[in-house]
Amino acid sequence: MSQLELDLTKVKADPSKDFFISMLVKDITLRDAIGDLVDNAVDAIKLKSPNPENLSNSKITITLNNQSFSIKDNGFGMEAEVARKYAFNFGKSSARVLSKKSIGQFGIGMKRAFFKLGADIHIKSIAPTSQFELTIDVNKWQLDTGNEWHFEFDKGKLSENTSNAESKTGLEVVIKNLSGDSKTSFNDETFIDKLQKEIALEHMLNINKGLTIIINGYELTANQISLVNDENIRPSYWEKISSDQAIKIIAGISEKNAEDGGWYIFCNDRLIVAKDQTAQTVWTGTKGGDGVPKYHAQYHRFRGYVFFEANDSGQLPWNTTKTGMDMDSPVYKNVRSKMITMTRQVMELLDKLKEEKEKGNPTDSQTLNKAIEKSLNSPKPVIEVLNTQVVLDNKFHYPVALFNPVSKSKSVRISYQVSPERFEAVKQSLDADNVEEVGLKTFDYYYNNEI
Amino acid sequence: MSSSFEKINYTLRPNKSIERKMMCEAFNRLSFLDQLNNFRYVGMGSPYFADFILFHKNLGITDLISIEKEEAKRNRFEFNKPYSCIDIKYGNSSTIIPNLELDRKKTIMWLDYDDKVSDFMFADIDTFFANALPGSVFTLSINVEEDFLPNMQDSDRQQFSLKEHRLNQLIKRIGKDRLPNKFMNENFNTKNSIKVCLEMFNRQINTTLIARNLQLPIKIKYKQIFNFVYKDNATILTIGGIIYDRTQKSKIDKMCLSELDFLRSDEESYKISAPNLTFREIKALDKALPDKHNSETEKGKFKNKILQAIPVIPTDIKSYAKIYRYYPNFAEALV
């Protein structure tokens with residue numbers, strides 16, 4: 001009998017492994033599980049790269065089919081000591097060693113992703129000073145009901161105090177005995193295509209920095225984020241920078257593509273929120289909402305970008321699955337309030353563009369629209385705008401003097417009804433062709449004779 | 001539709017004129033916080049610019065911005081601009097104000113909306129309180145006149161009661177989500193309209209400041225100073241106050257705002273009501289004011305013998321005594 005059963009003052013509260021695993025994987029989608037593993041790979045790569053702005057020698061390769069899933073990177077690998085003490089520990093260890101500006105999460109992310117994908121997990125790591133292989137047979141592990149939870153390095157595959165060449169380091173994970181979800185999805189070209197598109201979007205900044213990501217033989221290409229910044233238009237900018245974190249927000253306009261409009265939020269270069277047109281960012285509607293009107297056609301050109309950077313990824317205001325923002329985070333609440341103000345700044349122009357087009361204002365008179373259309377032909381990459389020499393301020397600049405709305409008092413519409421007999425009589429008398437002509441001619445007649 | 005400035009000559013609204021002068025007197029005390037010409041005034045000048053003239057003359061403010069939504073009448077506004085230092089920005093307040101860089105200069109803002117309470121006003125409050133420098137003043141005026149059932153055929157009229165109609169109108173303007181639950185069953189006559197507007201504005205101010213203060217080492221507070229109600233034709237509510245942080249607290253105390261008896265820091269409004277008096281009566285009353293008996297009466301008669309002798313009803317005399325320093329003199333004149 002164990003000590004616990006003897007102590008009558010204690011209530012048994014330790015979890016069973018199968019319950020634990022089923023809870024863990026419930027909160028995450030297959031797609032996000034793969035995303036987590038990519039994030040870990042990116043962290044290992046950034047740790048190795050002497051210049052985090054240049055990732056041109058780095059590569060992540062993912063292969064998936066209905067038999068297996070594998071992900072391989074040429075980052076720094078995982079030291080045996082890290083694996084032993086932290087990486088496989090469930091929940092965050094107080095002594096966790098995270099790399100600076102990381103996006104992966106040792107605490108939950110990696111194991112949760114493994115369990116979601118399948119039951120036979122094989123890890124092979126070559127780190128600068130150690131190397132190991134480790135196999136997890138989840139079904140077997142579940143059956144072991146001992147109080148201690150642990151995995152074991154593969155026999156004979158662990159070596160420490162070695163010195164491995166940088167060109168050799170990296171981590172490879174191969175998962176077999178796939179879960180039912182994985183089997184179904186990995187057989188589906190649509191799923192794989194979507195995965196490629198979404199990973200490309202999430203890591204656009206890293207791909208722009210030279211990182212190669214290959215999924216099933218297809219090399220992902222970077223999406224560009226852009227803003228107009230020229231002599232006519234200058235985006236609004238706000239920043240808050242301290243020693244351990246930096247927040248930058250930039251908002252303006254870019255080419256009209258309904259799909260791409262909205263807010264984008266990056267956390268340590270990882271895109272968390274893309275093209276957001278919902279209340280999560282600013283588009284709450286104004287009837288009771290704290291943000292701006294609901295997103296609609298008028299705002300298609302709006303682009304806003306938020307860049308959070310923190311040495312400690314625990315300070316980033318994202319949710320645990322990195323699929324959205326933590327709406328209760330004080331940092332995000334504060335930033336969101338700025339985002340709302342900055343959206344309104346850009347709306348000053350967008351409202352005017354719409355107003356200028358109203359009431360049959362001839363195209364030639366739409367001077368503001370014409371100038372903006374011209375500017376929209378050459379938006380610039382956001383990174384370039386952020387590094388521009390021109391000082392950006394917390395104000396959206398546009399050529400307000402060009403605004404030329406049609407005067408509401410330019411013409412008056414008159415409408416009245418008369419009997420058909422009287423109308424026909426007047427129409428004949430005026431020799432008019434239609435109703436409008438009858439109206440105009442009768443008015444002119446009065447004006448010419450009485451005024 | 002014509003604007004209210006085209007229906008009424010703003011300079012001939014006696015209660016509004018009194019309110020403006022009272023506000024000016026309060027703004028004068030901002031000199032304890034900073035030199036007055038370091039402030040910027042942001043208002044809605046309409047073509048009369050009465051507030052701009054008063055504040056430029058009395059406070060010496062030279063950075064003045066007027067927000068004007070009717071771009072189409074641009075020529076008329078520019079023609080009526082009384083001073084060169086007024087910059088008119090055309091557009092909606094909710095998109096103009098965010099681009100004013102409120103965090104660069106202390107602002108005295110008076111959003112003198114013509115309208116009844118509307119959703120866009122909350123956006124304006126939000127922008128101001130999220131961005132304005134501590135030491136700035138925010139004021140807004142709205143029409144709180146109660147709604148009446150439209151003239152309809154008898155058959156249609158049965159559809160809604162007056163109470164339901166008022167609630168529907170309010171929800172149409174601000175949305176159901178914004179209306180505090182405790183007001184859901186109110187009859188929104190003028191009195192309750194004032195109550196609900198005050199509550200909703202204060203909630204918005206509070207919410208915005210909470211979000212702003214989350215990341216600030218020195219917290220920003222709001223102190224309400226204005227809560228005026230008056231009626232020249234429609235009933236108007238003006239609320240406003242100052243934002244400050246603890247480094248400014250002692251300067252705020254020095255302003256001794258409590259000396260100004262027309263200031264209100266709670267939900268009880270100060271009612272401005274100018275009596276209609278002739279010039280002769282005004283002259284006679286002024287001679288007896290300020291009254292050392294504080295216009296007290298005994299058995300229906302003023303303790304002050306001079307006041308007692310003036311043949312104006314006592315309530316008008318009392319009203320006048322409260323506001324005589326701000327009472328406007330309207331006369332037909334060739335100018």
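Chain A of this predicted model is divided by its domain assignment into three parts: domain 1 (17-219), domain 2 (226-402) and domain 3 (420-450). If you look for domain 2 of chain A and domain 3 of chain A, you will find their centres, taken over C-alpha atoms, separated by 54 Å.

One pair to pick out here is I71(A), whose bridge partner in strand 6 of chain A is V173(A). Strand 6 of chain A also pairs with strand 3 (residues 118-126) of chain A, again in the antiparallel sense, and here there are eight bridges. In this pairing, S125(A) has L171(A) of strand 6 of chain A as its bridge partner. As you trace these strands, remember that side chains in a regular strand alternate between the two faces of the sheet.

Now move along to another sheet of chain A. Five strands make up this open sheet, in the order 10-11-14-12-13, and their pairing is mixed. At its edges are strand 10 (236-241) and strand 13 (270-276) of chain A, each of which pairs on one side only. On average, neighbouring strands of this sheet are turned by 10° against each other, direction ignored. Strand 10 of chain A runs antiparallel to strand 11 (residues 245-253) of chain A, and six bridges join the two. Here you can see W238(A) standing opposite I249(A) of strand 11 of chain A.

Which helix lies across strands 10, 11, 12 and 14 of chain A? That is helix 10 of chain A, which runs at about 20° to strand 11 of chain A.

Next, look inside. The largest nonpolar core has 97 residues, and those that touch the most other members are I34(A), I60(A), F69(A), F88(A), I123(A), I253(A) and F308(A). Helix 10 (residues 330-357) of chain A gives this core its largest share, eleven residues. Domain 1 (17-219) and domain 2 (226-402) of chain A each supply at least three residues to this core.

Leaving aside neighbours within four places in sequence, I34(A) is in contact with I62(A), L64(A), F69(A), L117(A), F186(A), F191(A) and L195(A). There is also a second, separate core of 56 residues, including L59(B), I225(B), L285(B) and L289(B).

Notes. Residues numbered from 1 in each chain as written. Chains lettered and ligands numbered in written order. Predicted model: local features only at pLDDT ≥ 70, side-chain atom pairs only at ≥ 80, totals over all residues. Heavy atoms only, no water. Domains from an automatic or database assignment. Core = buried A, V, L, I, M, F, W, Y, C linked by side-chain atoms within 4.5 Å. Buried < 20%, exposed > 50% of the residue type's maximum accessible area, 1.4 Å probe, protein only. Helix = DSSP H or I, 4+ residues; strand = E, 2+ residues; numbered from the N terminus. Contact = heavy atoms within 4.5 Å. Pairing = 2+ DSSP bridges. Axes fitted to C-alpha atoms, helices over the stretch in contact; angles between N-to-C directions.
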